[in-house]
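Trainee: I have a model open and would like to learn how to read it. Could you walk me through a few features?

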Amino acid sequence: MISVEIYRNFMQIQRPPTTPVVAPSEEAKDFAFTTRLADFIQWGRKNSLWPLPFGTACCAIEYMGVVSSHYDVSRFGAEVVRFSPRQSDCMLVLGTVVEKMGPVLKQVYDQMLEPKYVIAVGVCASSGGFYRAYHVMQGIDQIIPVDVYVPGCPPTPEGIIHGMIRLQEKIQRGGIVRARDRHKLIGK
Amino acid sequence: MQETGTSSSVSNSGMLPEFASAFASEILATEDFRGDVTYVIKPQRIREMIRFLKTLERCPFNVMMDLFAMDYLKSNTEMPERFAVIYNLYSLPSNARVRLKAYVPEAKPEIESIHDVYKAANWFEREAWDLFGITFTGHPHLQRILCHNEFVGHPLRKDYPSDQYQRLKTSIRSTGM
Amino acid sequence: MLEQVTENGRPDGAVPEADSKYMRLNVGPSHPATHGTLRIFVELEGEILRDMKLEIGYLHRCFEKMGETHAWNQVIPFTDRLNYCSAMMNNVGYVMAVEKLLGIEVTPRCQRIRVIMCELSRIIDHLVCIGANSVDIGALTCFWYFFRERENVYDLFEALCGARLTTSATRVGGLYKDLPDGWVEWAKKVIKQIPRTLDDVDGLLTNNRIWIDRTKGVGPISKELALDYGFTGPCLRATGIAHDLRKASPYYGYDQFKWNVVTSEGGCTYSRYLVRMGEMRESLKILEQALEDIPEGPVNVADWSISLPPKEQVYTTIEGLMAHFKLVMHGIKPPVGEIYSATEAANGELGFFIRSEGEGRPYRVRCRPPCFAIYQGFPEMALNQTVSDAVSTLGSLNIVAGELDR
């Protein structure tokens, strides 16, 4: 049974004014609530992210810290780490992606099913970081779309968790079907 | 001065007298800087020399620690040739180190491979080829090891700009092992 | 995940025949069992590996080129990211090479602090290695246990230099900062807890039937072959050769401490595990002794052309201000020369070859990574065994891609 608090939370979510909200009748308020289907699905989605750690470098070690007991990412519903792209919906790019790795990243991303989200963890994945060098990709957004960038080299576990929370907020705001044409414009 | 970083030189004066006498005509110079002994040698008989050092009776240099190249293009001091290949050998029984340095010309950067003397040399030579373009003759598959296989040029040469990226165009393929 | 039959597995481009008894498979570079970015082409007969080719370079971050384009002290952050499991030891290895080039010796207090940080780093590196190795084999518990201790050590690092993983705590001629107040007592408390965790994991693994079955005699390498491939560190000591640079050519007063070089016989995954477990205990011994009597005094050398003058001197004297300005603007100027300096890092001999042209930045920084040599010998260990054995062997080698590809 979903509690009244959750119902109230839903009511606070901003929605377009055109959407009619039908409140339950007075006697039904104790055990029922109404919401939009999209909100409900996004609520489920954001709290059960299955991350795919695309770990290449230092940030992957910090991610180990995130999933281990001290920081415990399962508090945010994202502890089911899957190494198969087909079983996961949130890709965490942890570490430097070099030119040689680029196609691999792209292929793994393409294998993920919609809806899928990408967090670029660390400055290397976000922008190349301080590796302004001949073999380092200057940010993974050159080949795949990125939802959240987490700064830091490497980010602290708090930083990575913060990035995940921002992604959850973003998921809650989004629609059921994501427009995925964006990356066709910027990617190759 | 701090002598702790590496093991000290083989001996204080002659370093490796057996080696020096066996290859007297090949050794161009001997350097001793901060306790690091370096023999500057001609590149032609490198395999023999390495083999000699590996089987040296008194202190067999049984570990090849490092093999890499140098580019002296922008050096302030005049060097005999643009490139050099440096061999860093270590003798486990006597805790001694020796460095061999062979200059190779820019027009024909070539030296014989020692992959069958030390198994370790295989990848190190590939790396030197990848980053500097030094050809190791006799190497079984001298191919790129660190850079992607569409890379043009040799990035650690001094005339290669550090931020000149090269995009990899094709998708995943083997580099031919 | 990216398992697919490669198109041209061989230089001659030979495609396997349809009725061939071998199956070709690509593992990695994004695969949970390859720890980062290793790629392996394997040729299988049933489940037995008959041939394998390794491909590296999926984390080639141009360390050596970056070293040429940055000032002497600016290279230190790049060294962090070589072996990111134990960043501090790379820092120490690099600055020790520069100090050798300069011909200076750091202060006794600095030496001792570096020893403490190095040994803490060695412990957390081995924790990651054994933890990840056990996860590969299926023992997830040890990983949680170990990461608790790692977090405690991270807190110590954070108190010292503000960073958990990539410390950059050393400077040429000293350290970024002296130890904060109360750090030593804190560190003593932390290292008192570690043996309990080690005992726990010892109890879970060392005599565990499954663990022994999965690791004993798996991925063996002989002494001769290990030397020929240039093995150093725990992988060499697991074959029975008691070689450790901290004993062979002691630096920073390692000869003053009472500790032993841990060796094991067989060179298999199990012996590598035993060596790493033993080494953590030896590191704890060193730490206990090192934390007892840290020498007093400054942590930076007094020479203002190498390390920055103290802030009060900069703000109150013209000499201090000028020295600060000159060091920041022009950098350290080591004499012209080439040196090689090696330290015993967690995976083996970490060497730095440096050429100076007497300028504010290195002419060439060459890093001799221990992993590069070790990973090259991996096919010798893994061939003619099953795929699952190869996974347990690979985990025990602790190949860190940042160091392998630089």
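Predicted model: local features only at pLDDT ≥ 70, side-chain atom pairs only at ≥ 80, totals over all residues.

Trainee: Which residue in S2(C) stands opposite Met23(C)?

Mentor: That is Leu44(C).

Trainee: How many strands form the open sheet, and in what order?

Mentor: Three, ordered S1-S2-S3 in chain C, with antiparallel pairing. S1 (23-27) and S3 of chain C each have a single partner strand, so they stand at the edges with one side lacking a neighbour in the sheet. From one strand to the next, the twist averages 20 degrees.

Trainee: Now the contact between chains. How many residues does it take from chain C, and how many from chain B?

Mentor: Chain C gives 52 residues and chain B gives 40 residues. Several elements of chain C each supply at least two residues to the side touching chain B, including strand S3 (48-55), helix H3 (87-102) and strand S7 (348-356). S6(C) gives the most to that side, with six residues. By class, this side of chain C has 20 nonpolar, 14 polar and 18 charged residues.

Trainee: And what about the core?

Mentor: In soluble globular proteins, nonpolar side chains tend to be buried together. Here, the largest nonpolar core holds 221 residues, of which Val93(A) and Ile119(A) touch the most other members. Helix H4 of chain C (residues 108-137) gives the most to this core, with 14 residues.

Trainee: Leaving aside neighbours within four places in sequence, which residues is Val93(A) in contact with?

Mentor: Among them are Phe54(A), Leu105(A), Val118(A) and Ile140(A).

Conventions
Residues numbered from 1 in each chain as written. Chains lettered and ligands numbered in written order. Core = buried A, V, L, I, M, F, W, Y, C linked by C-beta atoms within 7 Å. Buried ≥ 20, exposed ≤ 12 C-beta atoms within 10 Å, placed from the backbone. Helix = DSSP H or I, 4+ residues; strand = E, 2+ residues; numbered from the N terminus. Contact = placed C-beta atoms within 7 Å. Nonpolar A, V, L, I, M, F, W, Y, C, P; charged D, E, K, R; others polar. Pairing = 2+ DSSP bridges. Axes fitted to C-alpha atoms, helices over the stretch in contact; angles between N-to-C directions.
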